[in-house]
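Please load the model in a viewer and keep the sequence panel open beside it.

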Amino acid sequence: MRSISIFGATGSVGEQTVDLLLRAGGANAFRVVALTGGRNVARLAEMARELRAEIAICADDAGLAELRERLAGSGVAAAAGAGAIAEAADRPADWVMSAIVGAAGLVPGFRALRHGRTLALANKESLVTAGPLLMTEAAAHGARILPVDSEHSAIFQALVGEDIGAVERIILTASGGALRDWPLEALARATVQEAMAHPNWAMGQRITIDSASMFNKALEVIETREFFGIAPEQIEVILHPESLIHSMVGFRDGAIMAHMGAPDMRHSIGYALNWPDRQALPVARLDLAQIATLTFRAPDLARYPALRLARVVMARRGLAGAAFNAAKEVALDHFLAGGIGFMDMSGVVETALEALDAELGDEKTNICLEDVLAMDHLARVRAGEVARGMAGER
Ligand code: NAD
Ligand code: MG
């Protein structure tokens with residue numbers, strides 16, 4: 001029986017992973033080891049009972065008493081805190097889903113790789129902040145990383161049986177997010193609620209706002225560079241409002257392999273779960289005659305400064321990815337709290353990156369996990385200062 005752990009089980013990707021496990025037989029078909037969640041202790045306890053997990057862990061110590069109470073008599077152990085979440089990655093499991101949001105997902109995924117596990121990676125922040133480290137760790141321990149981000153799963157699938165050396169370019173598709181048809185001048189006044197109205201995908205709050213600002217696509221460009229080891233200039237971004245082509249690979253003979261499907265994360269989660277097999281998945285089938293047309297347009301960099309910043313980060317190397325992601329998370333926090341405007345987020349990130357330039361090192365710098373975590377912390381402090389300064393000016 002395959003053993004499975006899910007980090008971030010109560011989130012959007014986590015819930016969809018649990019859904020697939022339950023459809024495939026749940027506790028009768030898998031041995032569920034660890035499930036982790038944030039503050040939604042009730043839901044965490046419910047899924048841990050249903051899947052008969054060994055242990056359920058909530059991020060906040062404050063939730064532990066309630067978690068214990070809800071799990072009483074179930075045989076499921078309870079724990080809390082970032083340390084306990086990281087330790088859960090040491091528990092033997094064949095397949096580990098990394099679906100915590102943000103840099104908090106880095107350490108558990110990293111530890112799972114150290115044990116040679118297969119890591120289904122939704123947490124793109126891991127590759128953005130510590131790509132070379134993660135890939136080296138996986139190679140050193142014979143661990144496999146399977147991409148779960150839909151674009152990267154699409155690219156991964158398009159590359160089956162192909163030689164990466166024959167790849168000319170990778171074309172990431174982007175929906176453009178909730179505000180894609182707004183006039184540029186109006187973007188500065190966009191509210192959280194408006195940025196949350198994603199046209200195609202139902203996702204967690206943070207990634208949905210990041211889709212509207214294209215910070216999500218910026219992270220994905222860097223994720224592509226790190227995971228597939230492709231040069232930045234070989235990575236393109238195209239707006240594709242229908243979100244039916246999940247990404248494309250262009251080969252040196254001019255052929256382009258496109259991966260299509262309904263915008264449903266259970267496809268890429270299921271692909272990673274069943275890899276290298278394909279199993280039936282509960283996703284809608286496309287009716288191409290009904291869809292009739294697919295459209296594409298080049299992204300306007302004035303609307304999406306994040307895409308320009310991704311190029312800066314890839315050229316800068318060193319700890320630039322860690323600083324970029326942390327500053328982005330802080331800028332998003334300030335936007336969510338109403339302190340800064342929608343278009344100010346990229347300003348915060350750019351200013352913080354510039355302020356940290358001397359501390360980022362470069363491609364020759366020997367970086368370890370502690371360096372990444374230290375830069376994550378430092379960039380949060382700097383970005384917080386910049387954001388508060390901007391909020392004061394408003
Ligand atoms: P979400 O906000 O819905 O869920 C995040 C999960 O992480 C929850 O279980 C939450 O409790 C937990 N969590 C949050 N902060 C934590 C912390 N500090 N410590 C421990 N646990 C914490 O997020 P999501 O949309 O499911 O996204 C998860 C990851 O997958 C992100 O990296 C995201 O970029 C990536 N991703 C998501 C989608 C999607 O469709 N939602 C698509 C592609 C990639
Ligand atoms: Mg994606």
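**Stop 1**

Select Asn274, which lies in helix H11 (residues 265–274); helices here are DSSP runs of H or I with at least four residues, strands are runs of E with at least two, and both are numbered from the N terminus. Asn274 is buried, at 18% relative accessible area; buried means under 20%, exposed over 50%, and partly exposed in between, with a 1.4 Å probe and protein chains only. Its contacts beyond four places in sequence are Gln279 and Leu281, where contact means heavy atoms within 4.5 Å.

Before moving on, note the conventions: this is a predicted model, in which local features need pLDDT of at least 70 and side-chain atom pairs count only at pLDDT 80 or more, while totals for chains, interfaces and linings use all residues. Residues are numbered from 1 along each chain as its sequence is written, chains are lettered from A and ligands numbered from 1 in the order in which they are written, and side-chain values use heavy atoms, with hydrogens and water left out.

Next, select Trp275 and Pro276. The peptide bond from Trp275 to Pro276 is cis, with omega near 5°. Pro276 sits in the loop between H11 and helix H12 (288–291). Most residues other than glycine have a negative phi, and most peptide bonds are trans.

**Stop 2: positive phi values**

Which phi value does Arg52 take, although it is not a glycine? The phi of Arg52 is positive, at about 50°. Arg52 belongs to the loop between helix H2 (41–50) and strand E3 (55–58), and with 55% relative accessibility it counts as exposed.

Move to Arg317, in the loop between H13 and H14. Its phi is also positive, near 55°.

**Stop 3: helix H9 and its cover**

Select residues 205–213, which form helix H9; its buried residues are Thr208, Ile209, Asp210, Ser211, Ala212 and Ser213. Now display what covers them: the cover includes helix H8 (192–195), helix H10 (215–228), helix H13 (305–316), helix H14 (320–336) and helix H15 (344–355). Just after H9, Met214 takes a positive phi of about 65°.

**Stop 4: Asn325 in helix H14**

Remain with helix H14 and select Asn325, which is located there. Is Asn325 buried or exposed? Asn325 counts as buried, because its relative accessibility is 0%. Leaving aside neighbours within four places in sequence, Asn325 is in contact with Ala103, Glu125, Val128, Thr129 and Leu219.

**Stop 5: Glu242 and Thr295**

Select Glu242, in the loop between strand E9 (235–239) and strand E10 (245–251). Glu242 is partly exposed, with a relative accessible area of 23%. Beyond four places in sequence, Glu242 is in contact with Asn200, Thr293, Leu294 and Thr295.

**Stop 6: the domains**

Colour the protein chain by its domain assignment: domain 1 (2–147), domain 2 (159–260) and domain 3 (317–393), with bounds from an automatic or database assignment. The centres of domain 1 and domain 2, taken over C-alpha atoms, are separated by 26 Å. Their contact takes 10 residues from domain 1 and 12 residues from domain 2.

**Stop 7: ligand 1**

Finally, select ligand 1 and the 23 residues around it, of which Thr10, Ser12, Val13, Gly38 and Glu125 come nearest; a residue is near if one of its heavy atoms lies within 4 Å. The shell draws at least three residues from each of domain 1 and domain 2.

- a polar side-chain atom of Glu125, 2.6 Å from an oxygen atom of ligand 1;
- a backbone N or O atom of Gly38, 2.7 Å from an oxygen atom of ligand 1;
- a backbone N or O atom of Gly8, 3.4 Å from an oxygen atom of ligand 1.

Taken alone, ligand 1 exposes 820 Å², and the protein buries 82% of that, with areas from the Shrake-Rupley method and a 1.4 Å probe. Helix H1 (12–23) and helix H6 (124–140) are the elements that give two or more residues to the shell.

How values were computed. A polar contact is a pair of N or O atoms within 3.5 Å; within protein, one must be able to donate a hydrogen and the other to accept it, and residues adjacent in sequence count only if both atoms are side-chain atoms.
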